[in-house]
Amino acid sequence: MTTEVITTSIDDQPHDLDPNKPLVQVKDLEVSFKTQGGDVHAVRGVNFEIYPGETVAIVGESGSGKSTTATALMNLLPGNGRISGGQVLIEDKDVAKLNQKQMAALRGHVIGYVPQDPMSNLNPVWSVGFQVREAVRANGLATGRKEVEARAVEVLQQAGLADAERRMKQFPHQFSGGMRQRVLIGIGLGANPKLLIADEPTSALDVTVQKTILDRIESLTRARNTAVLLITHDLGLAAERASKVIVMHKGKIVEAGPSRAILADPQHPYTRRLLAAAPSIASQRIGATVAEDGDDEGVIELASIAKERHEEAEAHAGKAVVEVKDLTKVFSIRRGGFKSEDLTAVDNVSFEVHKGTTLALVGESGSGKTTAARMILGLETPTSGEISVGGTRLDAAKGKELFDLRRRMQPVFQDPYASLDPQRSIGAIIQEPLKVHKVGNAKSRQARVEELLEQVALPSALAHRYPNELSGGQRQRVAIARALALKPEVVVLDEAVSALDVLVQAQILQLLADLQTELGLTYLFITHDLAVVRVVADEVAVMEQGKIVEAGTTDEVFANAKQPYTQRLLDAIPGSGIDWGV
Amino acid sequence: MLRYILRRLLQAIPVFFGTTFLLYFMVFSMPGDPILAMFGDRTPNEALYNQLVAQYNLDQPFVVQYLLYMKDLFTGNLGVTFSGRSVNEVFADAFPVTLMLVTMAVIFEFILAAGLGLISGLRAGKFSDQLNLVVALVLNSIPAFVAMFFAQYFIALGLGWAPVTVGANATWSTMWLPALTIALTLYVVGMRLMRGSVIEARSADYVRTAYAKGLTSKRVVPVHVARNSLIPVVTNTAASFGALIAGTTVTEGIFNIPGIGKVLYDAIIGGEGPTIVSFVTILTIMYIIVNILVDLLYAVLDPRIRYV
């Protein structure tokens, strides 16, 4: 098949709609979920309109009802949810009153949908081509085997999937996250809908991939005059991409209006809190909580706290606690049959982390930053190179010596839901490292747990509760308490705040800064998010394909990035070019 | 994939020798004199007795007997039963009957498990689901041989829908009742697997995405819900195929079906060492092969699984 055959179909012509007639009208929408403890009202009286061709963003934390509102537009609420009040009108049709067939005709054709998690939104047992063809056929875009196939390839190419034709037979697990998201964008936009609902379309992706995906959505929808409803927790991203922003909190709209106006002059205290907590705007590293802070409903202003910290950092710069020299890790990857291939995950990496400071290891997924961290924790054996922790060689240590070294460095992982054993109480979880290393007796360990809970600002009564009763932020505090139990010198934070909402993220970052000052901790901070790096790190090392391509103090790197790769990472921070009104 | 199959077959070698050795040892240690058992009430004269002992190698030590047997086995000679027929021949008569019975039973089992599981999963918590679960619980609690007597008494004898015993005339139409009874005592596990997977798949993200594409449930349910949920059910059912081939002794006894189970039972009662060992050896090999096939089937059904 040649490219000449794939011309732009009639279906991709821009929509010619009356710009003054709303495409979507949401009137006093209420959504409730039936649970064992009675009805839970997730959306409580929401009103907004979307006009043809405009981009509207709904911003809020998880649990604010933003995704529920989006799924209500398509009448795709989960089994126990229903529209319990108000109306959703799509082109003047009430979605609650449509039958299954009419609703199916609306989905795909009028409303396209790009979901949040590209990993779980494609059926793992069918090929990518099958799933795209299915969408093409459902919307009557083409009939006949050949036409359907051609259109499916076209849809994927438009979504930016390179060599789409060859990849049609592959399965989702053979695709990277970014490629899968392109497939989902292709499916969502395949029928040239009048409205595209994009529910956190990039939150599971790397920053640089995030940018290309969002650019792709923007160019495709602009060319076709497609309206976009963007659901996101990132205010910076919303402001950058949408003309209108709706801020939701606990099922209600607290503020709505033109995006620039909201950022420049937020009216509602919640919006102000969200803005203040967004790391993209804090320009300097944060330190311990400053005394005068604490007014204005516990607003955590990363930007102002950061200044205080600055001078302290220099005073601290003492001897190196972690020294890494020429660290290399080669994995052998099976290629089917008897063949195998070498993959150099970490390539001749050297760096030092000084006592009481934070080094951020930055890079996209696959850059080798996590592998490096795992080797420093002694969880992975280096192929070559040296690692010293507090003067003791880690790479040569074995048995008892390695066991003792482990006390001196402790990890905190990304997912606070997966890193705590659901079967054990919080107290038992925090105590475990003490038990393993035979520190103290039952009574002193108990006392230590209470002390640790206090340090991470959790009530001591929590010791008897279980992880499933805690929120994401609380769980991450527990994970930090566990890491601190053995009074380590070094804490390795592997994407420790990436899974958290902005407000919670800001609190945890503050806690980490406080603990660092109080206990003189040294942090190795692994992240893909440069916005976070700016507020936590003293020094930055940027990794690309296993190598450190740029290193320096945070201010240097941010002010004057030498490598194009670093510059690309910096540009990818959402909202980096916007004036913020805080 | 090829590498995986090869490795699995290599793993089968120690299993094969282990089983045959263990079996041979157990049969060897069985009480009673097999030569005397051959003659029933009569007593053979000493010359004949000694000749027979030598003929069956019973005067050799255990290990030698085992090795001689292995030699025969590898040359395709499974030995002779005490009645004088070759074991190969007996097996060739009995095996197709059992295969027919088990195939029928497994097909019934799969239909019941997948069908009822799908209905139950789609209507989870509703009346039909509850009813389904209660019926399954009852069926699962009845021992297989009791269920078979019930089926024989009420359906075959009472209603006359099927012959009471099968006898020499083993065909699809005479064996449906024992096959269905086996299926009814076995489908419950598969049904619960299916029900659970369907409930999970219904709320899966890819199912919501499928609806968002503009598909109706007429397409989403079979293509995205049922297809994904079938994986554990298919493998579970296929695994029971292997187990059933060797495990139909009770059924074949009750319904008088001349299959492997019945031959094996008679051989054990008669103390016919070579017959027992030969039969069980063949069954072991078949069981190993069926299990490899089940694992490969898994990879066919779920593209994410790759064997290395």
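In this predicted model, Phe17(B) has a relative accessibility of 35% and so counts as partly exposed. Together, Phe16(B) and Phe17(B) make an edge-to-face aromatic pair, with 5.2 Å from centre to centre and 75° between the planes. A pair of aromatic rings is described by the distance of the centres and the angle of the planes. For Phe91(B) and Phe95(B), the centres are 5.3 Å apart and the planes meet at 10°; because stacking requires planes under 30 degrees apart, this pair is stacked. Both residues belong to helix 5 of chain B (residues 87-122), where they are 4 residues apart, about one turn of the helix. Phe91(B) is buried at 12% relative accessibility, and Phe95(B) is buried as well, at 17%.

Aromatic contacts in chain B also include a cluster, in which ring pairs link Phe21(B), Tyr24(B), Phe25(B), Phe62(B), Tyr66(B) and Tyr69(B). Over all chains, the count comes to 14 aromatic pairs. Charged groups meet rings too: the charged end of Arg167(A) sits over the ring of Phe175(A), 5.7 Å from the ring centre. Across two chains, Arg227(B) lies over the face of Trp126(A), at 5.3 Å from the centre of that ring.

Turning to chain A as a whole, its secondary structure comprises 20 helices and 20 strands. Of its 582 residues, 54% count as buried. Among contacts in chain A with a separation of 6 or more, 70% come from residues 24 or more positions apart.

Key:
Residues are numbered from 1 along each chain as its sequence is written. Chains are lettered from A and ligands numbered from 1 in the order in which they are written. This is a predicted model: local features need pLDDT of at least 70, side-chain atom pairs count only at pLDDT 80 or more; totals for chains, interfaces and linings use all residues. Side-chain values use heavy atoms; hydrogens and water are left out. Helices (H or I, at least four residues) and strands (E, at least two) are DSSP runs, numbered from the N terminus. Buried means under 20% relative accessible area, exposed over 50%, partly exposed in between (1.4 Å probe, protein chains only). Contact means heavy atoms within 4.5 Å. Rings of Phe, Tyr and Trp (its six-membered ring) pair if their centres lie within 6.5 Å; planes under 30 degrees apart count as stacked, over 60 as edge-to-face and the rest as tilted. A charge sits over a ring if NZ of Lys or CZ of Arg is within 6 Å of the ring centre and within 35 degrees of the ring normal.
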